[in-house]
Amino acid sequence: MFVLILGLILFLGAHSVRLWGEDFRDRMIAERGDGIWKGVYSLASVVGIVLIVWGYGLTRLNPIDVWYPPIWTRHLAILLNAVAFALVALNGSTGPIRAAVGHPMVLGVKVWAFAHLLANGRLGDILLFGAFMIWAIVDYAGSRRRDKREGVVRMAGPWKPELIRMGIGLALWLVFLLFLHQWLFGVSPLG
């Protein structure tokens, strides 16, 4: 568990700097430069992901069952992950859905984490997906507050580019569902 927790702290901590240390971030960029900041941020993120993957793998060697999710939660998780993929695909778009939700990638992470919490009952799963869900809830709320404070107004652009992005996101979800999840994680969402 220690390796997983360390990875989560490093990865999610790096991705939370704008929430807890905007002044620190701005000062470091001013003192060291944008390139150095991005390099340190990227290094922390990569090391964090490696530790998360390694630590999560270690938890699967000696799993601790906390609860046994009913089978219907797996079906719901599959549908929620389709929504998550569609939302993440909207990152960077300028259409009406992006204008309405503000931060579709973070919202997508929140939905993805919630879906996985529903369908998995082992301690390692709860720690991994619970940490991502808490981070996404806090980050989404903080980002929306920052938008209001800075007077960010998103004008809704056309639907068509967003629909294309969502279609791509759903196609990727389908590939992940049918092939990649099993290949990458050794578990098929379809049973």
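From the N terminus on, the elements of this protein run α-α-α-α-α-α-α-α-α. That is nine helices and zero strands. Helices here are DSSP runs of H or I with at least four residues, strands are runs of E with at least two, and both are numbered from the N terminus.

A word on the model. It is predicted, local features need pLDDT of at least 70, side-chain atom pairs count only at pLDDT 80 or more, and totals for chains, interfaces and linings use all residues. Residues are numbered from 1 along each chain as its sequence is written, and side-chain values use heavy atoms, with hydrogens and water left out.

Overall shape next. Along the principal axes, the C-alpha trace spans about 45 × 40 × 25 Å. Of the 191 residues, 38% count as buried. Buried means under 20% relative accessible area, exposed means over 50%, and partly exposed is in between, with a 1.4 Å probe and protein chains only.

Now the record. UniProt, in an unreviewed entry, lists residues 40–59, 71–90, 126–142 and 163–185 as "transmembrane region". Such annotations may be inferred rather than shown by experiment. In the model, residues 40–59 are 100% helix and 0% strand, with end C-alpha atoms 28 Å apart. Residues 71–90 are 95% helix and 0% strand, and their ends lie 30 Å apart by C-alpha.

On to the aromatics. Rings of Phe, Tyr and Trp (its six-membered ring) pair if their centres lie within 6.5 Å; planes under 30 degrees apart are stacked, over 60 edge-to-face, the rest tilted. The count comes to eight aromatic pairs. Take W112 and F129: centres 5.2 Å apart, planes at 75°, so edge-to-face. W112 sits in helix α7 (residues 104–119) and F129 in helix α8 (residues 123–150), 17 residues apart. What else does W112 pair with? F132, also edge-to-face, at 5.6 Å centre to centre and 90° between the planes. F132 lies in helix α8, so this pair ties together parts 20 residues apart in sequence.

How covered are these residues? W112 is partly exposed at 25% relative accessible area. F129 is buried at 6%, and F132 is buried at 10%. Ring pairs link F11, Y56, W112, F129 and F132 into a cluster.
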